[in-house]
Amino acid sequence: MKSLLLLCALLALCVAGQAATAAKRPNFLFILVDDQSPFDLRIYNPRSPLQTPNIDRLAREGMVFDGAYHMGSFSGAVCTPSRHMIMSGRTLWHLPISPGARERGLCPPDLERQTIPAVFNRAGYATMRTCKVGNSYEAANKLFTVRHDATKRGGTHETGSGWHGDRVMDYLDQREAAKDPKPFLIYFGFSHPHDERDGTPELLAKYGAVNHTDRDTLPPANPRAPRLPPNYLPAHPFPHGHPGLRDEVAVSGVWERRDERTIRNELGREFACSENIDLQIGRVLARLEAMGELENTHVFYTSDHGIAIGRHGLQGKQNLYEHTWRVPFIVKGPGIQPGTRVEGNLYLLDVLATLCDLAGIPAPESNEGLSLRPVLEGRTNRVRDVLYGVYNGGTKPGMRSVRRGEWKLIQYDVLDGQVRETQLFNLAENPEEFLPEHHNPDVIALTGFKPKPHQVNLADDPRHAGRLAEMQALLLAEMRRLHDPWRLWNQPDDGLTPPVKASSGGRANRGDR
């Protein structure tokens with residue numbers, strides 16, 4: 001009898017332990033901002049005046065990725081493919097909106113059923129989302145159990161980022177009141193710091209900026225405005241290949257101007273909006289802590305892509321320089337060594353696989369991303385060696401980039417062959433991707449930063465001819481592997497017929513909104 005009682009007790013303990021384990025499935029808070037260069041943040045750029053104590057806390061208590069990228073875009077609305085890739089784990093040319101993807105059998109039907117909310121709903125998670133409206137993956141977005149989307153880019157709490165923060169705070173209050181036992185996945189998206197960058201009055205004053213709206217005048221000069229970035233230029237050295245692109249000619253407060261006062265003011269507006277986002281993150285982290293949920297929550301912080309704002313003479317996100325191709329990426333959570341820093345070499349499309357792996361959920365068969373769990377657990381420093389990037393929302397074939405180690409290649413084939421340019425950078429020696437134009441004394445006088453003689457585009461340097469050929473071959477291999485439907489002027493055409501529906505007109509010319 002005693003043996004039977006002991007057996008029953010052990011079974012009861014086992015069942016209780018299994019129940020406790022199930023009850024402690026990790027929560028997820030996925031924070032996505034709109035249009036933020038990693039170099040806006042001090043964790044990537046110690047010179048930045050932007051103050052983000054809560055993002056800094058995530059970095060201090062978690063892991064910072066120095067090699068995080070979005071794969072690119074075939075549209076001026078760079079947000080749209082980026083957010084499709086995040087939701088689905090699919091590569092750029094395998095999305096339901098990719099030019100010719102369905103016709104070429106490169107995208108499965110009903111893909112939305114294999115996206116983040118669908119997968120986590122089936123796994124018994126409570127899913128909630130707040131974010132901007134539009135330029136996203138609507139078929140997936142509507143699958144979140146709780147959804148509060150609106151575009152909020154105003155300068156008050158209710159019309160700006162505070163609104164998104166309130167939606168998450170309300171949701172957490174409701175969970176606590178209802179004693180909801182399900183683990184949660186919260187998609188905490190913001191409409192800022194995307195333009196219009198209407199900051200709150202107090203934060204605008206802090207960063208020496210105004211919400212400038214008069215196209216006929218310059219914004220006032222203010223010594224508190226952020227300094228020009230080291231790789232600022234008054235104009236890009238050659239046409240970027242997307243004539244009339246909204247982000248380069250029609251952003252309110254900037255328009256076509258690239259003068260010092262305009263760019264510094266716009267950076268001040270960007271930073272005012274970014275600090276406001278940080279305040280909302282702080283509110284949510286404090287609430288999770290008070291609920292006793294933070295220790296069991298994986299917190300992700302990233303952006304859908306970067307942004308230029310004066311760097312290399314550009315304004316938008318339709319380029320492949322590091323300030324725009326790269327994104328900030330931080331993860332804090334159970335099992336992650338605090339204060340660690342890794343290369344990672346991730347794409348945003350790796351998010352789905354990573355969330356699933358951390359939750360103990362099988363990733364859907366449609367997923368093409370790689371789980372970052374081995375990196376998060378300190379077992380490896382990166383998940384891939386080669387990174388590939390695209391922008392061809394303007395004239396075709398557009399821009400392509402490839403990076404391996406410290407070497408990076410960008411090629412431009414735009415404006416019907418009128419512009420064909422090659423750039424080769426050693427990022428270890430030239431992390432700002434300085435060009436000959438950055439060595440101009442007038443530019444140096446504006447930025448206060450003098451590049452070293454070797455910090456230039458190396459594509460025409462005969463000493464690097466072998467490296468250039470190697471990187472060009474690598475780019476072609478990646479284009480073939482990932483089913484890029486175009487080829488550049490110096491590549492074999494592979495018998496491809498570019499997608500008929502591909503166009504640089506219409507919505508793409510307006511860029512993201």
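Two strands count as paired if DSSP finds at least two bridges between them. Strands (E, at least two residues) and helices (H or I, at least four) are DSSP runs, numbered from the N terminus. The model is predicted: local features need pLDDT of at least 70, side-chain atom pairs count only at pLDDT 80 or more, and totals for chains, interfaces and linings use all residues. Residues are numbered from 1 along each chain as its sequence is written, and side-chain values use heavy atoms, with hydrogens and water left out.

Strand β4 (residues 72-73) runs parallel to β12, joined by 2 bridges. Here Ser-73 stands opposite Tyr-391 of β12. Strand β13 (residues 398-404) runs antiparallel to β12, with 6 bridges between them. Val-390 has Arg-400 in β13 as its bridge partner. A hairpin of 6 residues connects β12 to β13.

Strand β12 (residues 386-391) is mostly covered, with 6 of its 6 residues buried. Buried means under 20% relative accessible area, exposed over 50%, and partly exposed in between (1.4 Å probe, protein chains only). In a regular strand, side chains alternate between the two faces of the sheet. Both faces of β12 are covered: Val-386, Tyr-388 and Val-390 are buried on one side, and Leu-387, Gly-389 and Tyr-391 on the other.

An open sheet of 8 strands has the order β6-β5-β7-β1-β8-β9-β2-β10, with mixed pairing. Strands β6 (146-149) and β10 (340-342) stand at the edges; each has a single partner strand, so one side of each lacks a neighbour in the sheet. Within the sheet, β2 (residues 63-65) and β9 (residues 329-332) pair in the antiparallel sense over 2 bridges. Val-64 has Ile-330 in β9 as its bridge partner.
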